[in-house]
Amino acid sequence: MFDVTRMNYSMSIAESNKPSADNLYVEFFEILQTHTQSDELLKAIAEMSRSCADALTVIRAANAKLISKPVNDIWLENERNTWRLLYILYSDRLVTRSSSNEEDISDSDMSSYFGHSEKYCMLSLFKRNNLIRECQLVVDWLECNAAQKDDGILHFSDCSMGWENTLHQLKSKDTIVFEATHNIVNNMDPDSQYYQKLPLHDIDMEDEKKLCYKVFHQVRCGKLDDAQKLCAQSGHYWRSALLEGWKLYHNPNLDDQFSREYDEGFAEESPMDDESDDKPVEGNENRDLWKVTAWNYSNNPSLDTYEKAAVAAFCGNLKSLINVCKTWEDYLWAHMKVMIDIKVESEVRENVTKNYKDMPNTYWEQRMSINEIFAALEASKTKTVQRESLLLDHIIQKFIILEEYNNLLDAIADWILDPNISTQFLRFVSHLLLFLEQIDQVNNREITEKVIEEYLKRLIHDKQTQLVAFYVSKLTETTQIHIYSTYLESIVDNEARKEALQYAEDCGLNVAAITKQIVENIRGRHDSPIEMENMSVTKSDEFKINSLDWLLFYNKQLAELVHQTNALVFQFLLMQKHDAAQLAFNKVPDDAVGKLSAGDDIPEELQQIVREYLSYKAYFEAQEAFSVWFKNFKSQPKEPECPPEGAPFAKKVEYEHKLSQFSAETGRWKITMEQLSKQAKLPLYNVLLFPDGGWLHGAKEASYLQNKYIPQCLLLLFNVLYDSEQFEECVQLADILASEKYQVYKYFSHEKMAEALRKIAEASVALLNHGKDPWGNDTRA
């Protein structure tokens, strides 16, 4: 039971890490919303780095409590580091390069310009040479990354005596608790174990290894002061001094041109604020001698590899340095460090007035370009480095350092094709490309849009409406309308729709075009064969009808609402779905036509929209009126059945009563039918005699509806007139059919025309039977 509880606790901790990372989606969105100005780009990058760092802290704190396998956080660490790299490099590329840092110094004047100052020569190099300056920034970045990684080596005590166990055994062999298992040195000077070829005490040897590792680790983290302090605390002052000899020499008391200009122009950077005549000398005047010695020292096979590596980092010995490197970042740091060392050494030896000790040829043979460095990492014999050089984050970092953004775009375009690529990575590269685009480093908008679209697919899947609206706004307008309208199609709740449109407005999207596209998308959906054969209102029909609500949120879209309603009604009538067409038509407010027709100068397009709407209105009113008439017509009272002869008196009385009721009901029914006949005739005539060219005149592809429903309305009108015994008016329908003004005959097929004429003939016969001529004139006159 105890084990199960612990396992469940671990699982709950692991689950809690997911929201910490998922918060990055909203945080990055808020960062971009907050920092909208071009001069806030670097602030945005810094905020993104901070968000990643905060999430990483939460995840690692939770991982520390896990009993089972911890949650992978390497991807988040790499992303944080990449944002830091961008911030560091573009603080220089955007800010420093905006002002000219080029020193106008000819090669012949260099030596007199710098005099004996190696420090000022180096400072000038860093001001003039962007590549070297950026390489140093990369080194600083790599050291910062390393400093934030956990290290299992414990700090040493504050004991100021080095090799205390060896000293104790030499001084008091009889009282020592743990005597060495072998012969040890009998002198305590730093070189004794090498010239005597004897080791230290076993415990001191173990402490020595830990110390060397810790010193190198501090150097790797860019904490030279801490490394020297650690050496001093351990009683190894000579080691602390050893790490001091690499510093560039500068004597501020010597008069040279650069010293004067530097002190005048960069006084805030100069450490020499002493008002006395003699200022302290900086660096090592015999630095060249130290460097040659340090080179040999770091090549000594009898020394600890980490001890040699710590010295190699300052004398430019790449071979000794990479012997202790394990990761891609370690190798990059080592190569960059040596590259800068060689460039600075070359610059100093060429331009400072001094005769220097020659460095070995192998030192100069290490010279590599930055591209060659990355190629060396990719071809490394160390499998870990070779594998890590293929990690997506490291490839991105490489291209950022090299400023090879076309290659970066091509790589990202390939990566996003992988369906298994994580949403977090898509978030990362989307924001990366948006940043690069803002600083004019991306010239392929197509790839940027593809990346953002892939990210949007994930946000859409998670229904992050506000985020979808924001990132859609980063695309071209056509794509904005397509993606956002497609996403909003599935939203049916009215409040959610309002919220989605508000987000769209806030992000500057074309809301009118989006809502129009939503309706058109939904209307264009193909129904299944079963739904198409079903004449009743299906769920698909309801969905299409309710899509018109998207156009009810804005008064300025009233014309579009009427236009889209016309189109949907047209579609339903083509499918003979009259109930669905009526429901769609009812979506338009009653005062819509009045508002659209207000004013004198109404565009022709709007006039046509209104004309089509009024055509449908006339048709639906005609259908409704006829339905009411027909329903009442079918409800004609039935005459009671006459009782047979010889029926009981009671039956006869009952029959007389029913007959009296029938007569009264028939009278009422006839009055009602007379009124309903008048009400049904008018809207049917409105369809047949529709003004401005006729019913649905000018509508696109309206011929089918005209050919179907105009003859239908005439025949319905005939039925109303005939069953109401208005035979003269039935015959007058022939005038409407033949009229050139209305040209109703154009919409009749031969079959329909023959049917209409046959019915008119029936009306003429009825007139003859009533003692009138075929046209309804009274023959008795």
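**Terms and the values behind them**

Analyst: This is a predicted model. A place to begin is the largest pocket, which is lined by 28 residues, with M122, F126, Q136, W246 and K337 nearest its centre. The elements that give two or more residues to this lining are α5 (118-128), α6 (130-147), α13 (287-298), α14 (305-315) and α16 (328-351).

User: How much space lies in the largest pocket, and which element gives the largest share of its lining?

Analyst: The space in the largest pocket is about 860 Å³. The largest share of the lining comes from α6, with six residues. By class, the lining has 13 nonpolar, three polar and 12 charged residues.

User: What is the volume of the second largest pocket, and which residues lie nearest its centre?

Analyst: The volume of the second largest pocket is about 420 Å³. It has 15 lining residues, and H563, A567, E612, A699 and K700 lie nearest the centre. Two or more lining residues come from each of α30 (558-574) and α33 (604-634). The lining divides into five nonpolar, five polar and five charged residues.

User: How do you know where empty space is left?

Analyst: A probe the size of a water molecule is rolled over the atoms, and this shows where space is empty. In this structure the search finds three cavities of 30 Å³ or more. The largest cavity holds about 80 Å³ of space.

User: What makes up the lining of the largest cavity?

Analyst: The lining consists of C212, V215, R239, L242, L243, Y306, E307, A310 and V311. The elements that give two or more of these residues are α9 (202-220), α11 (237-242) and α14. The largest share, four residues, comes from α14. Seven of the lining residues are nonpolar, none is polar and two are charged.

User: Why is D330 called buried?

Analyst: A residue is buried when its relative accessible area is under 20%. D330 has 16% relative accessibility, so D330 counts as buried. D330 lies in helix α16. Leaving aside neighbours within four places in sequence, D330 is in contact with R220 and C325.

User: Why is E701 called exposed?

Analyst: The word exposed is used for a relative accessible area over 50%. E701 has 66%, so E701 is exposed. E701 is found in the loop between α34 (649-688) and α35 (703-723). Phi of E701 is near 55 degrees, a positive value in a residue other than glycine.

User: What makes Q743 partly exposed?

Analyst: Buried needs a value under 20% and exposed a value over 50%, with partly exposed in between. The relative accessible area of Q743 is 25%, so Q743 is partly exposed. Q743 is in the loop between α36 (727-738) and α37 (750-769). Phi of Q743 is also positive, near 50 degrees, and the residue is not glycine.

User: Why is E499 called partly exposed?

Analyst: E499 has a relative accessible area of 44%, and therefore is partly exposed. The place of E499 is in helix α26. E499 and Q466 are 33 residues apart in sequence, and their C-alpha atoms are 8.6 Å apart in space.

User: What makes α24 mostly covered?

Analyst: Seven of the eight residues of α24 are buried. They are T465, L467, V468, A469, F470, Y471 and V472.

User: How many helices and strands are there, and what share of the chain is buried?

Analyst: The chain has 37 helices and zero strands. Of its 781 residues, 48% are buried. The chain exposes about 40,600 Å², and carbon and sulfur atoms supply 51% of that area. Among contacts with a separation of 6 or more, 69% are between residues 24 or more positions apart.

Conventions. Residues are numbered from 1 along each chain as its sequence is written. This is a predicted model: local features need pLDDT of at least 70, side-chain atom pairs count only at pLDDT 80 or more; totals for chains, interfaces and linings use all residues. Side-chain values use heavy atoms; hydrogens and water are left out. Buried means under 20% relative accessible area, exposed over 50%, partly exposed in between (1.4 Å probe, protein chains only). Contact means heavy atoms within 4.5 Å. Accessible areas come from the Shrake-Rupley method with a 1.4 Å probe; for residues, only the protein chains shown count as cover. On a 1 Å grid over the protein atoms alone, a cavity is a set of points where a 1.4 Å probe fits but cannot get out, and a pocket is an open set with protein on both sides within 12 Å along at least five of seven lines; lining residues have an atom within 4 Å of a point. Grid points are joined across faces, edges and corners, and a volume is the space filled by probe spheres set on the points. Ala, Val, Leu, Ile, Met, Phe, Trp, Tyr, Cys and Pro count as nonpolar, Asp, Glu, Lys and Arg as charged, and the others, Gly among them, as polar.
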